[in-house]
Amino acid sequence: MELNDIHTILIIGPTTSDKNVDLSTALYDTVDILHQLGYKTWIIVEDPTLLLSSGVFFDRTIVEKVTGDNVLKFVQKFHPDAILPIVGDRNALGIISSLNGKIGTTRVLGATYAASLATFKRELFIKRLNKANLPVINFISSDDETEIYDFIRSIGFPIIARRRYSNRHSSGWTNINNLFELDNFMALEDIDDTKIEIERSIRGFSEYSFTIVRDRFDNSSLIGTIEDIEPIGIHHLDSNLISPAISLNDSKLQRLRNYSIKLARAFNIVGVCTVHFAYNHVTNECFITEFIPRLSEETKFLEYATSYPVATAVVELCLGYHLDKLQLDAGNPFNGATEPFVDHITSRFPQWETDEQKYLGPSKTSNSSIVVNGFSLEEVLNKGALNDKLNNNFDRYNKLRKLDDDELFEKIIHPTNWMLDVLLEAMRRNFEKPVLSEITGINLPYLATLQNIIDNSLIIREGEIDGNNVERMVEMGVKGVGHSKLLLDSSDIVTKSVVKSKRAISVANNKYDSHNYFVTSGITNELELSDRKKIVVRTPIITSKTDIMIRQFVLFQLVKSIDQNGLEPIIVGREPWNAPLAMRQKVIEIDDPHMEMKALKLIPDDSILNIIDLSKNLIDSGDDRVFQFSPQEIKNIDLTGDTSLRVMVITDGNNFLAPSVIFRTKKDNHLYEVSSVNNFMTAKDRAEVAQLIKEELADEKKVAIYNFEMVENNNHWLVTKKYRGMTNDIIRHELASSVHVLDTLVKLLLGNKIDEDLPLEKVFNNFDEDYLLTIDDKRYKLLDKTGIIDSLSDLRDHGKQKNHH
Amino acid sequence: MKRYLILEDGTVFPGEGFGSSIITTGQLVISNNRTGIEQSVTDPNTEGQIIAFTIPSVGSSGINRDFYESINSQCKGVVIGSSSLSTVDSSVSFEDWITGLKIPGIKGVDVRALSKHISEHGEMKASIMDTHDEHAIDQIKALVLPPDLVKRVSTRQSYPNPNMGLKIVIVDLGLKYSILRQLSYRDCNSIIVNYNSTAEEIENLHPDGIIFSNGPGDPQDIPNAIKTIQILQKKHPVLGIGLGNLLIALANDCKIEKLKEPHHESSLAVKEVASGKIDFVNHNHSYTLDQKYIGSSDFIVTNICVADGTIEGIRHEYLPIMGVLFEPEAAPGPTDGYYVFDEFIDLIESVKKQEGARDQWN
Amino acid sequence: MAKEIIDGQTMTRALTRITYEIIERNKGIDDLVLVGIKTRGVFVAHRIESRLKQLENIKIPVAELDITPYRDDKTHDEKDITNIKAEPLNIDINNKHVILTDDVLYTGRTIRAAMDALMSAGRPKKISLAVLVDRGHRELPIRADFVGKNIPTSQKEKIKVSMKEIDGEDKIEIE
């Protein structure tokens, strides 16, 4: 029983801010299912290229700054039946809280006004939680001494306190653990109008997060739990995360589960809600620190970890579906009433761009993350945070070894992103584990895990490797020295390297199929392949948000066209790739952090037609089947001009296609960029550009993608940049062209050829119907055909005039 | 020390032994419980079983002795993948705890492969041994597991769990303490009796309601209990939990069957048929009620498992009898099912009220 | 200040229990008819009807009975029966077992008026009464056959029943 009065939905889209996380897969899944269920979807977005593949679904795309004012303007003009803020990150909730009472009958799906507002307004959050009898850290802001002391008496030590000045600035938080420290703090002189803010200190508490989904009929299910290895005080996304939360016993788990459901009920959140907890395992005190009523980095992570289709389920719940009667796609029912069971650990390790140590605190400093899977803590740590290939841990070890005990102790007190390495060094020096745990707030099971890793790596270093040790190494995820090859296929073997499915074996999981695997240890291998020939796509670790979005797009299109061309797509990545739901049935995805798949020989070599490699550096350039996708710079002439072209070319080694050309020019001190000008180029330009490409491709005998930059110089085009492979421009080019190029690539790799003697109109053919105008690389406009012709002639005339001067 | 988990069908799973080093044999059960190792190991329902826990990093959350479901451990062995060497609350580590309980354990086992094998071939006997030669496999095949599981776990003597509320007699077929905890919370004045108590013995205790508890094994092994139910159900409100529910079905000419995919998971969704309300509850049963028989009986289906449609709760149309196959007392698992005890108390009170009304007229 | 005494879940459970009791005390529910007293009594009737349908796969007719067509401004507790005039029922109740449903049972005067209306519409075989809350203070010899919850109240207190269909959420408050 869905909500019958909703037909058109306005989605609050992503902003261009780098601070926001990449939710492109969630957005794709969301609009895909809305589209299939027959809803009209509109979106407001700052940069339409952020929509990538999901762009095709929208009935209307509004390119504007994603602000409350613009959303309001749009709602008043077009009257959508509902607004969906759940894929718009934090910004969307801010917008919702500003729309209260202004949007008439338009409904807000997912997060209510009160819920949105309470994620920003601390006082409201505390008030609501207190009313619902949920544990929250009480807080006082007052200039009245009696009130302050009353409050301190009621909560006891330790507390944190700060002064808030009338100019809204504040002093930093001070830790106060006893009367003496309190006296010192209170004795400081107050300026007029200064308020003192005090709350219970939860420093050193363990941090957990619970994500539930809830339907309109008050049915809730716990989708997943996450625990931070680092304590409260270090930003959640700078912490090493473990899912499921393994350190909660039954009563603690149920207590937090019940709180989470109660909170969603208190705010009447229909959809998804992630609740953060601070838990003290000594006193069993527990507080709710925040909640997130939308899709987020965490729901994305849990979708990786559990295979539960969170984004799709949540949008259907928002629309009023019953939790147990959801649709995977139109006509394919799905029971969302499960609390997914996982038999392995999934872990998210933050990544920093620099090799240097970074001090960690309440603000996020990491740039990206890596996700790994394993069956033990040792395994996920060795694959992730302690994986030398990713973090240069051996280098860290050498540096830390040189510190004296006092210097090392200083590092233990002030947490950095090297903390696990620091702890390893401290334990090598026999620092006491309970003391380390108390100071760092890192729980004992993790320290015991590190100890286990130290003990076993000693075996390697001392060279006492035998069959038994090797098994243990493999089990603990230590790889890269050919250990797995030493293990023979005998029944005596406890563990060897195998590939296991991520879907746990449970009555509840039977209905949703996915082909997600990871390389781990065990006795049996679970990889199931079809008879079809295969194209393997290998992906490296990537760290920037833009690159992650590009990977999502490229992999999605490649997989789609590999499948459509009758082949089996296999993605082998150093970290998991979560395909959009629509693709999950079709693609085989294998997480392989140590790049072992090749050595394991689980994919019959003769079934592999091609290997498309997305890494910067190839490991097996000798193999003829390997196609390097990432760009190699071949030419770079330092010549700039006001007017330039960027051309995307694909060749079969003989003929080529150039389906996308971007025109860029300067006018009145502004930079204008127009996509897909292929169709509007003059015959002269076209012939000249084609001739240049032909010359540049003279030596190319294989299937290849090229990207060129050509600068206008004395009324002629000059090739200034040449890349073999695909540059980041793939998202600047028009979507249809990019899709076309990727699809052509697959076809050419299969041995198809580009027709000989194509007329130039065909070579430059382009299927686009709307066009993107970019101003100064940050403002965007979508134009139709007449619009683009007008602005193009406008820009060109301008260029011509200038040339005449 | 290297040890082996050997299945009845000859499949061998190698691993490393811990805990007691004795050779053990039992019914192998795959448990997908998220938490509550303490409860599972001490649950009388696991009598005679070797439990394989499929969660990773077993024991990180510590061992809480307040969670015990009986005084002693019950299971015959534990199988795990990875364990944690230390605990978050500085309590005893999992392996030391198992050693203290003198239970044999085996770790480093590919529990995922094991779980897959069982889901494809059904539940079977297994043994933890030091060797895996043919002789060992023959031994397991030849072994017959004793059918007197309930007898071994049921209390020999009746004992009270006094309080001021309703008088509940609990027929102990393998009672979990958490059922008593729930009744105590509702002020029930309970008396726990042996599984073989006669209807007359139970009636002499003047119960307001009678609970047939959960327990291990096949209900057809305890025919006396079926007869007792047939007599008592006409006069008293009856609640059956797990094995107790199966007995109620058998007492009313319904049949039971073995589940193709047994339910051993601490959080599986159950739907209340009447309202559509979904609750997550602990399941620990290998049998279910035969739909055909329930359909043509005087029972209505009150709860079903959302994932596979298995009947999880029934209620008699006009007699005050109700039963659930899942474990409403949780322990471990979500607490959504506690309401079953409230419903039973409502049922008792409604019967009392009607009797009261009748008495006034008579 | 209003104090919530029954939450949504408890209300759901109470309605389910009433349904079980209706089944239990009516061997064969074929001749049942549910008649809800407007406004919230109708929702009570529909909820029982949907439960019966889920459990027994039998569709029971539901009728609405409006006994205060001119007095919508008054709260339920204050209903005065002097002006009551019932609208005709749209189903046949002759020889049926009618279960009358309402949210709160208080003085009993509403129920009496409802029974009058029923009798004028036909000749039911039997009339039973199901209410969500019985708050006492009867002024007539009327007793409910099925009660969700007995709530002792003083006459000064007000009972406020909220139901999802009209109030957005399920709860019972006392003020």
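How do α1(C) and α2(C) lie to each other, oblique or roughly perpendicular? The first legend takes that up.

A word on conventions: this is a predicted model, where local features need pLDDT of at least 70, side-chain atom pairs count only at pLDDT 80 or more, and totals for chains, interfaces and linings use all residues. Residues are numbered from 1 along each chain as its sequence is written, chains are lettered from A and ligands numbered from 1 in the order in which they are written, and side-chain values use heavy atoms, with hydrogens and water left out.

**Close-up 1. Helices α1 and α2 of chain C pack at about 60 degrees.** Here α1(C) covers residues 8-25, and its axis runs 9 Å from that of α2(C). Axes are lines fitted to C-alpha atoms, for helices over the stretch in contact, and angles run from 0 to 180 degrees between N-to-C directions. Helices (H or I, at least four residues) and strands (E, at least two) are DSSP runs, numbered from the N terminus. The two helices are therefore oblique to each other; angles under 35 degrees count as roughly parallel, over 145 as roughly antiparallel, 65 to 115 as roughly perpendicular and the rest as oblique. The crossing is right-handed, meaning that the near helix is turned clockwise from the far one by less than a right angle, with anticlockwise being left-handed. Among the residues that make the contact are Leu15(C), Ile22(C) and Ile23(C) of α1(C), along with Val44(C), Ile48(C) and Leu52(C) of α2(C); contact means heavy atoms within 4.5 Å. By class, we get 10 nonpolar, 3 polar and 3 charged residues. For that tally Ala, Val, Leu, Ile, Met, Phe, Trp, Tyr, Cys and Pro count as nonpolar, Asp, Glu, Lys and Arg as charged, and the others, Gly among them, as polar.

**Close-up 2. In chain C, the bond from Lys38(C) to Thr39(C) is a cis peptide.** Its omega is near 0 degrees. Look for Thr39(C) in the loop between β2 (32-37) and α2 (40-56) of chain C.

**Close-up 3. Chain C meets chain B through 17 of its own residues and 19 of chain B's.** Together they bury about 1,700 Å², 55% of it on carbon and sulfur atoms. Buried area is the accessible area (1.4 Å probe) that two parts lose on being put together, summed over both.

**Close-up 4. Chains B and A bury about 4,500 Å² between them.** Carbon and sulfur atoms give 54% of that area. The contact involves 55 residues of chain B and 59 of chain A, with 5 salt bridges in the count. Arg257(A) and Asp336(B) meet in a salt bridge at 3.1 Å, N to O. For Arg34(B), sitting in the loop between β3 (24-31) and α1 (37-42) of chain B, contacts beyond its neighbours within four places in sequence include Glu339(A), Pro340(A) and Phe341(A), plus Glu265(B) from its own chain.

**Close-up 5. In chain B, α8 and α9 pack at about 70 degrees.** Their axes are 9 Å apart, with α8(B) spanning residues 223-232 and α9(B) residues 243-251. The pair is therefore roughly perpendicular, and the crossing is right-handed. Ile226(B) and Ile229(B) are among the α8(B) residues in the contact, and Leu247(B) and Ile248(B) are among those from α9(B). The class count is 7 nonpolar, 2 polar and no charged residues.

**Close-up 6. Arg164(A) and Glu197(A) form a salt bridge within chain A.** The N to O distance is 2.8 Å. This pair links distant parts of the chain, 33 residues apart: Arg164(A) is in strand β7 (residues 159-164) and Glu197(A) in strand β9 (residues 195-200). Pro158(A) is in the loop between α6 (145-155) and β7 of chain A, and the peptide bond reaching Pro158(A) from Phe157(A) is cis, with omega near -5 degrees.

Note on methods
Salt bridge = Lys/Arg side-chain N within 4 Å of Asp/Glu carboxyl O.
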